[in-house]
Amino acid sequence: MKITNSDNETVLSDAGVKANTKVYTHTTLKSGSNVFHVEFTPNADYRPSEYSLLSSYDTVTFDFTVNYNVKGRTVIYAAPEGRSTGSGTNSDPVDIYTAVKSAAPGRTILLKGGTYALDKTVIVERGVNGTADAKIYMIADPEAATRPVLDFQGRCAGMILAGDYWYFQGFDVTRSANAQKGIQVSGSYNTVDNVMTYKNGNTGLQI
């Protein structure tokens with residue numbers, strides 16, 4: 001099997017495929033529709049069963065489209081079980097790292113309730129800024145039954161906020177690594193509202 005993207009770049013080449021199994025690969029999606037072209041040639045020795053053959057062993061080609069709309073959303077949902085490939089909707093949330101990467105002025109990241117078992121620092125890079133009129137919000141989902149808890153499991157620093165005009169609200173940050181801060185705010189014009197920090201390896205909140 002071979003897969004190419006709309007720029008005729010090879011995404012997957014000479015991949016073997018077994019019946020009733022999934023094949024995984026990595027690629028970079030553009031915002032909007034991403035069209036992929038697939039070529040598949042059945043193995044000439046393949047038999048669906050001991051006494052049957054495929055109707056054709058010729059190469060089959062088809063296109064399929066993947067829509068990636070996270071960057072176009074005003075509200076993005078993140079969840080403990082969120083995936084980097086999620087669409088960012090309430091029913092198909094992304095992970096918190098993907099949500100932060102999608103940040104833009106006026107965007108709201110809603111954290112669904114529950115414990116986020118994290119092993120990497122959540123970093124808002126310098127230059128990833130909101131504006132005075134269009135802040136970037138990372139807040140607890142108001143419909144969640146429990147608070148979001150960002151648990152860094154003693155593995156790393158917690159959150160580093162180097163951007164400007166962010167608004168954090170309604171979640172917990174706990175168990176950053178030994179000697180590592182829970183939250184470090186180094187950007188300007190940021191708000192930290194009703195955020196609880198506890199059992200961290202160093203200062204819970206440093207500005």
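Me: Why does V60 count as partly exposed?
Reply: The relative accessibility of V60 is 41%. Buried means under 20% relative accessible area, exposed means over 50%, and partly exposed is in between (1.4 Å probe, protein chains only). V60, at 41%, therefore counts as partly exposed. Please keep in mind that this is a predicted model, where local features need pLDDT of at least 70, side-chain atom pairs count only at pLDDT 80 or more, and totals for chains, interfaces and linings use all residues. Residues are numbered from 1 along each chain as its sequence is written, and side-chain values use heavy atoms, with hydrogens and water left out.

Me: Where is V60, and what makes the nonpolar surface patch there?
Reply: V60 belongs to strand β4, residues 60-68. Strands here are DSSP runs of E with at least two residues, while helices are runs of H or I with at least four, numbered from the N terminus. The patch is formed by V60, F62 and F64 and has about 250 Å². Nonpolar side chains (Val, Leu, Ile, Met, Phe, Trp, Tyr) are joined within 5 Å, like charges within 9 Å.

Me: How many helices and strands are there, and which strands form the open sheet?
Reply: The protein has one helix and 17 strands. Four of the strands make up the open sheet, ordered β8-β11-β14-β17, with parallel pairing. β8 (122-124) and β17 (205-206) have a single partner strand each, so they are the edges, with one side left without a neighbour in the sheet.

Me: Is Y189 buried or exposed, and what does it touch?
Reply: Y189 has a relative accessible area of 59%, so it is exposed. This residue sits in the loop between β14 and β15. Setting aside residues up to four places away in sequence, Y189 is in contact (heavy atoms within 4.5 Å) with Y165 and W166. Y189 and D164 are 25 residues apart along the chain, and 5.7 Å separates their C-alpha atoms.

Me: What stands out about phi in Y165 and N194?
Reply: Y165 has a phi near 60°, positive although the residue is not glycine, and lies in the loop between β11 (159-161) and β12 (166-169). N194 is also not a glycine, and its phi is positive at about 55°. With a relative accessible area of 48%, N194 is partly exposed.

Me: Why is G106 called partly exposed, and what does it contact?
Reply: Its relative accessible area is 32%, so G106 is partly exposed. G106 lies in the loop between α1 (96-101) and β6 (108-111). Beyond neighbours within four places in sequence, G106 contacts T74, A134 and K135.

Me: How does the radius of gyration of the protein sit against the globule rule?
Reply: The protein has 22 Å, while a compact globule of 207 residues would be near 17 Å. The radius is taken over C-alpha atoms, and the rule is 2.2 Å times the number of residues to the power 0.38. The C-alpha atoms fill a box of roughly 70 × 35 × 30 Å along the principal axes.

Key:
Pairing = 2+ DSSP bridges. Patch = residues over 30% accessible without salt bridge, like charges linked within 9 Å, V, L, I, M, F, W, Y side chains within 5 Å. Areas by Shrake-Rupley, 256 points an atom, 1.4 Å probe, with all protein chains shown as cover. Salt bridge = Lys/Arg side-chain N within 4 Å of Asp/Glu carboxyl O.
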